[in-house]
Amino acid sequence: FLSEGNLERFIQAAQCNIKKLKNINYDFLVTDCASCESTILDYSKYLDSPVQTSKSINWGDLIALKGLTFKYNKPIKVTFHKPCHLKNDAFLRQIMKNCENVEYIEMEDYDACCGIAGSFALKNPKYSQKLSVSKANHINNTNADYVITTCPACIIGLKQGLHLTKGKTKVISLLEFLSKADKISLQISPT
């Protein structure tokens with residue numbers, strides 16, 4: 001609602017979410033979408049929000065914080081697309097460091113738009129495709145097996161570009177990629 005400029009419906013939806021969270025004791029409010037996390041973090045710009053932004057965290061931050069390790073039996077090359085709404089991607093380096101047999105290759109303009117941008121792709125399909133093709137060319141140049149992202153809409157944009165360029169890289173969410181590990185464990189730090 002917010003990205004389409006429907007502030008009235010946005011406030012209604014935000015108030016509904018806030019009401020549901022109001023009396024819940026939680027350690028983290030975890031999101032799997034950069035746009036959703038960004039919107040929740042911005043609630044206080046539009047209304048009185050008791051949502052504790054210090055507890056709002058995306059899966060990538062939580063996984064890095066908890067020190068999970070991931071072992072893949074076969075070598076894999078990955079690259080990462082940073083969604084426009086992802087405020088911080090510092091978790092990526094830590095997660096990649098904790099992935100055995102994974103080579104991370106940073107693509108050129110890894111943080112440039114994928115071309116979807118919500119309803120932008122519907123309103124401007126030719127320009128959307130142009131952006132998606134540019135992004136796909138950067139992905140293709142890495143020869144990565146997977147391009148990882150943290151936004152469902154970006155998955156669509158990346159797939160659009162890779163389809164148009166006949167790219168072979170698979171598009172996958174961070175959680176789905178990590179779930180493909182052959183072994184997942186928790187690092188126990190010495191006390």
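Which residues does Leu158 touch, not counting residues up to four places away in sequence? Select Leu158 and show its surroundings. The contacts are His81, Cys114, Lys135, Ile139, Val147, Thr149 and Val171. Contact here means heavy atoms within 4.5 Å.

Before moving on, two notes on the model. It is a predicted model, where local features need pLDDT of at least 70 and side-chain atom pairs count only at pLDDT 80 or more, while totals for chains, interfaces and linings use all residues. Residues are numbered from 1 along each chain as its sequence is written, and side-chain values use heavy atoms, with hydrogens and water left out.

**Stop 1: Leu158 and its crossover**

Stay on Leu158. It lies in helix H8. Helices (H or I, at least four residues) and strands (E, at least two) are DSSP runs, numbered from the N terminus. Leu158 has 1% relative accessibility and so counts as buried. The cut-offs are under 20% relative accessible area for buried, over 50% for exposed, and partly exposed in between (1.4 Å probe, protein chains only).

Next, colour strand S5 (residues 146-149) and strand S6 (residues 170-173). They run parallel and are joined by 4 bridges. Two strands pair if DSSP finds at least two bridges between them. Find Tyr146; opposite it, in S6, stands Lys170. Trace the chain from S5 through helix H8 (residues 152-164) to S6: this β-α-β crossover is right-handed. To check the hand, point the strands away from you; in a right-handed crossover the path from the first strand over the helix to the second runs clockwise.

**Stop 2: aromatic pairs**

Show the aromatic side chains. The whole structure holds 6 aromatic pairs. Rings of Phe, Tyr and Trp (its six-membered ring) pair if their centres lie within 6.5 Å; planes under 30 degrees apart count as stacked, over 60 as edge-to-face and the rest as tilted.

Select Phe10 and Tyr46. Their pair is edge-to-face, at 5.2 Å centre to centre with 75° between the planes. It links distant parts of the chain, 36 residues apart: Phe10 in helix H1 (residues 7-22) and Tyr46 in helix H3 (residues 43-46). Phe10 is buried at 5% relative accessibility. Tyr46, at 36%, is partly exposed.

Go on to Phe80 and Phe91. The ring centres are 6.3 Å apart and the planes are at 90°, so this pair is also edge-to-face. Phe80 lies in strand S3 (residues 68-80) and Phe91 in helix H5 (residues 91-97), so the pair ties together parts 11 residues apart in sequence. Both residues are buried.

Keep Phe91 on screen and select Ala64. Ala64 touches Phe91, Gln94 and Ile95, not counting residues up to four places away in sequence. It lies in helix H4 (residues 59-66) and is buried, with a relative accessible area of 18%.

**Stop 3: a charge over a ring**

Pick Tyr26 and Lys55. The charged end of Lys55 sits over the Tyr26 ring, 5.4 Å from its centre. The test asks for NZ of Lys or CZ of Arg within 6 Å of the ring centre and within 35 degrees of the ring normal.

Step along to Ser56, in strand S2 (residues 56-58). Ser56 is buried, at 10% relative accessibility. Leaving aside neighbours within four places in sequence, Ser56 contacts Leu29, Glu37, Ile40 and Leu41.

**Stop 4: cysteines**

How many disulfides does the count give? The count is 0, with a disulfide taken as a pair of cysteine sulfur atoms within 2.5 Å. Cys16 is in none; the nearest cysteine sulfur, in Cys36, is 14 Å away. Cys16 is partly exposed at 38% relative accessibility. Cys33 is buried at 14% relative accessibility.

**Stop 5: positive phi**

Most residues other than glycine have a negative phi. Select Asn101, not a glycine, with a positive phi of about 75°. Asn101 lies in strand S4 (residues 99-104) and is partly exposed, at 33% relative accessible area. Finish at Asp109. Its phi is positive too, about 50°, although it is not a glycine. Asp109 sits in the loop between S4 and helix H6 (120-123). It is partly exposed, at 40% relative accessibility.
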